[in-house]
Amino acid sequence: MKKGQRNFLTACFGALLLLSCTFMVQGAGNAGDKEILWENMEPDHSMELLYAEQFSVDYYDGGYALVSVTDSGRFLVVPEEAPIPEGLDEDIVILQKPVENIYLVATSAMDLFCSLDALDSISLSGTDTDGWYIDEAKAAMEEGRIVYAGKYSAPDYELILSKDCGLAVESTMIYHTPEVKEKLEQFEIPVLVERSSYESHPLGRTEWMKLYGAILGKEELAEEIFNEQADKLNAVLSEENTGKTAAFFYISTNGYANVRKSGDYVSKMIELAGGKYIFDDLGDEENALSTMNMQMEEFYARAKDADFLIYNSAIDGELTTIDQLLDKSPLLADFKAVQEGNAWCTGKNLFQETTGLGVMIEDMHTMFTNDDPTLTELTYMHKLQ
């Protein structure tokens, strides 16, 4: 190549390089032009909630959503590839879509994710395989699509980090080990503390699917599924109260009857179903627990004449026969509900299937109103034989 040609090519290359740098600078300037200032953003509407009181969602122009959870914090859901607003309040945590590889510790939320067809957004579980009664969750863990990453108090940080965890959904038990929450946040893993158990209305728990719908971009599906449960409740509420009384309990290993407090959501489900919870004066002034232990003698005196007994299988397993019930306490043989064949037991899946609370209320209503002796099985309960 001649010297003149080399000089010409060198000059051309230099010009192209200069032009490229100019475009890069202009491109950076254009990106800057797209910056959004948080102080200039105003919500244009809020999520409509019928029963839930423990969270809210405000929507902003451009697809941004601010999720606020009582005593847990605020989370700005940012659309995929959209810019993060400048000047955010220090307490606002960013969740940029798609939110993936979730570490799910709050067991009550799993059913909501399954209902939203969002199981693939979860990679890590705080409950091992044998602790799940939700078929989809158990299968996902058996197949390795979800792996056990340690319980709330002892997470496997190395595993969680290796999975590029985008969000940890914790139960309020995390407050017993605040150092774990702090450690996760130090690793820049957002932590959302699930508070559906604090909802005063049973369907307030189910309505939490709308929160996850906002995070996962499945608001319409969440609304549709929730409305199905609300419709079941409305159908029951349209009928008269039966006045039938019911006790919801289990017998502890030390011989106490563990019962729900009067303001608990299970007690409220009985009332919404057209029944009457037999213990209408058990307050919660001593602590925030939803249950309390009662001496068997007191339980006998107060629940002996209840029209229905509902045994809670969540702690020590499902019962199928009256004899199994009497093995818990022979005193139960004198109970009206036992003698009249109105002793029932819940399925283990009741407390993990948050989506089905409307169906549970419907089950209770059927139990209170159906006199057919052949009725032995409902969705979440079965009659003891």
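Tutor: Start with the term. A salt bridge is a side-chain nitrogen of Lys or Arg within 4 Å of a carboxyl oxygen of Asp or Glu. Side chains of opposite charge can pair when their charged atoms come close. Keep in mind that this model is predicted.

Student: How many salt bridges does the structure hold?

Tutor: It holds twelve. Take Asp71 and Arg195 as one case: their closest N and O atoms are 4.0 Å apart. Asp71 sits in the loop between β3 and β4, and Arg195 in the loop between β10 and α6, so the pair ties together parts that are 124 residues apart in sequence.

Student: Is Asp71 buried or exposed? And what about Arg195?

Tutor: Buried means under 20% relative accessible area, and exposed means over 50%. Asp71 has 62%, so it counts as exposed. Arg195 has 7%, so it counts as buried.

Student: Which residue does Arg74 meet in a salt bridge at 2.9 Å?

Tutor: Its partner is Asp89. Arg74 lies in strand β4 and Asp89 in the loop between β4 and β5, so this pair links parts 15 residues apart in sequence. Asp89 is partly exposed at 32%. Arg74 is partly exposed too, at 23%.

Student: Which residues are linked with Arg74 in a network?

Tutor: Asp89 and Asp91. The three residues are linked by salt bridges.

Student: What does Lys210 pair with?

Tutor: Lys210 meets Glu207, at 2.9 Å from N to O. Lys210 is buried, with a relative accessible area of 3%. Glu207 is buried as well, at 0%.

Methods. Residues numbered from 1 in each chain as written. Predicted model: local features only at pLDDT ≥ 70, side-chain atom pairs only at ≥ 80, totals over all residues. Heavy atoms only, no water. Helix = DSSP H or I, 4+ residues; strand = E, 2+ residues; numbered from the N terminus. Buried < 20%, exposed > 50% of the residue type's maximum accessible area, 1.4 Å probe, protein only.
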